[in-house]
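Open the model in your viewer and keep the selection tool at hand.

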Amino acid sequence: MIGIDEMETLPRAGMESIQLQRLQTLVARVYDRVQPYREKMDRVGIKPAHIRSLADLRRLPFTTKDDLRDNYPYGLFTVPMDDVIRLHASSGTTGKPTVVGYTEADIQLWSSVMARCLAMADVHRGDLVHNAYGYGLFTGGLGAHYGIEALGATVIPVSGGNSKRQVTIMRDFGSTVLLSTPSYALNLADAMVDAGIDPAELKLRVGIHGAEPWSVHMRQEVERKLGLRAVDIYGLSEIIGPGVAMECLHSEHGMHILEDNFLPEIVDPNTMEPLPLGEEGELVFTTLTKEALPLIRYRTKDISRLTLEPCACGRTLIRMAKVSGRTDDMLIIRGVNVFPSQVEHVLMGIDGVEPHYQLEVSREGNMDVMAILVEVSERIFSGEIKVLERLSRSIQMEIKDMLGVSCKVRLVEPRSIQRSEGKAQRVIDRRTQ
Amino acid sequence: MQVEQIAVFLENKSGRLAEITSILAENDINIRALSVADTADFGILRLIVNDVTKAQAVLKKGGFTVSKTDVIAVAVPDRVGGLAEVLRAVTEGGYNVEYMYAYAHRADGSAVMIFRFDAMADAVAMLKDKGFALVSSREICAT
């Protein structure tokens, strides 16, 4: 059914005319239905009728994660909750998560963009797709799942964890496509070695790896160890989840953005002015076709570049370079987004913990490990080991509860965490990209 | 009758014990007994000193986390079953021992410290080389 969608080979003028038409409808709808958007637009004196060309996009205010937090949980939804058939959530910058909602049409849209992404990596009907992205509030598992079904391929919904069982399933079921974070792919490669399974016994052909940054070196390692072709996929829950952009098998220069649905811009993160094509800056998306939670000029905080150079696959879609960094301090730990402010929020809720802490992120084997360094103050020090161990355990449990990621806690002496003159250095990331 | 003990939080890094003992020495504080409790991640040094208030102040000034606790010093009869007698009384009384450590006097007035090092044989050679008198197990066991 799906090879190259007709939207993917349009001449530029054709694409832009579709984008403009959709943008105008979107702006009119959010202005009409969502008070926070209307207020923001009124503040800068812009009305839906002012959007006459794509160049007028830059006149619209940005949307950020803070807007989602300020209107938590459903304040930016454009439809009544009766029309929302699914909710997902991702990390917010403090205690509250970012909630996203989908109407029935949104789920169909998501399935179709995800299916188009899979098709770019030549996944097709007849493929057995091993989906090791986590199922749950995280958009990865279910987002990919519905796309695989929409494509007509067979989905194996293994979710994350239990690597030994995963590799047995891959061998016995004859999985041809692997979907996982890149670090989990390497973990599975190790599990194969442990289980005495030779990757050559497997039928894996393509690996689709996203949700965390990975280097060219890591790509080569995944390809060599698993004997497959590894490609990158991009998405974020606020925009829709996985399915925003995808590398095709020809593309060595970035991911095709499904720009008929997700209109990209690159802006200077300091001046917030749009940058010319090809320049590096912060990636900003406007969702053109989403119903429940459309976002206008959403700041992803991801740093990338856009290019319109032709691709050997024939698609004319604009492409984005692999994300090269962040404009904020968000960390990705085993595929989970973590903000230092969230950790701080948890620590401050625990009696006796000083506001001095540091996060140390490293890679042990293929796994990301986050250690939280906490200073032991006199308020919490009684001279008994069990009291400190209880403290350490309760921090670990609270972090796991709130952030969904395990961590280590290292209790350190007072003043051993460096105090800086200005902004404290909260994060030491020792992972080599 | 209770005795004041000070406890110092120790991060697992080299040189911290040496730093504490030199701070105490510089301030003319005598260590009468000590014990180090350690976990995989951190340690706690417990000390009985001749000037608790001063020790607490100087260590705090040196950047350490210090706490003061009351402990009980019990004279243990120096014969077979001596400690067992004390512990039987504790158990029968329904008490749990949180921790305990030894403080020994020898006839010549010196105390005995027991160490374990990561490289034991090398440490023995080094200590002998530096002129320290090592006590043999026969001497310790001798009544």
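Buried area is the accessible area, found with a 1.4 Å probe, that two parts lose on being put together, summed over both. The model on screen is predicted.

**Stop 1: the interface.** Select chain A and chain B together. About 1,700 Å² is buried between chain B and chain A, and 55% of that area lies on carbon and sulfur atoms. Chain B brings 22 residues to the contact and chain A brings 17 residues.

**Stop 2: polar and charged pairs.** Between chain B and chain A there are three salt bridges. For one of them, select Lys386(A) and Glu98(B): their side chains form a salt bridge, with N to O at 3.0 Å. Seven residue pairs are in polar contact across the interface of chain B and chain A, counting pairs with both residues at pLDDT 80 or more.

**Stop 3: the chain B side.** Now select strand 1 (3-11), strand 2 (31-38), strand 3 (42-49) and strand 4 (66-71) of chain B; each supplies at least two residues of the side that touches chain A. Which strand of chain B gives the most to this side? Strand 1 does, with five residues. Colour the side of chain B that touches chain A by residue type: ten residues are nonpolar, five polar and seven charged.

**Stop 4: a helix in chain A.** Select residues 139-151 of chain A, which make up helix 5. At 1.5 Å a residue, its 13 residues should span 18 Å, and the end C-alpha atoms are 18 Å apart, so the two values agree. Buried residues in helix 5 of chain A include Thr139(A), His145(A), Ile148(A) and Leu151(A).

Methods: Residues numbered from 1 in each chain as written. Chains lettered and ligands numbered in written order. Predicted model: local features only at pLDDT ≥ 70, side-chain atom pairs only at ≥ 80, totals over all residues. Heavy atoms only, no water. Contact = heavy atoms within 4.5 Å. Salt bridge = Lys/Arg side-chain N within 4 Å of Asp/Glu carboxyl O. Polar contact = N/O pair within 3.5 Å; in protein donor to acceptor, adjacent residues only side chain to side chain. Helix = DSSP H or I, 4+ residues; strand = E, 2+ residues; numbered from the N terminus. Nonpolar A, V, L, I, M, F, W, Y, C, P; charged D, E, K, R; others polar. Expected span 1.5 Å × (residues − 1). Buried < 20%, exposed > 50% of the residue type's maximum accessible area, 1.4 Å probe, protein only.
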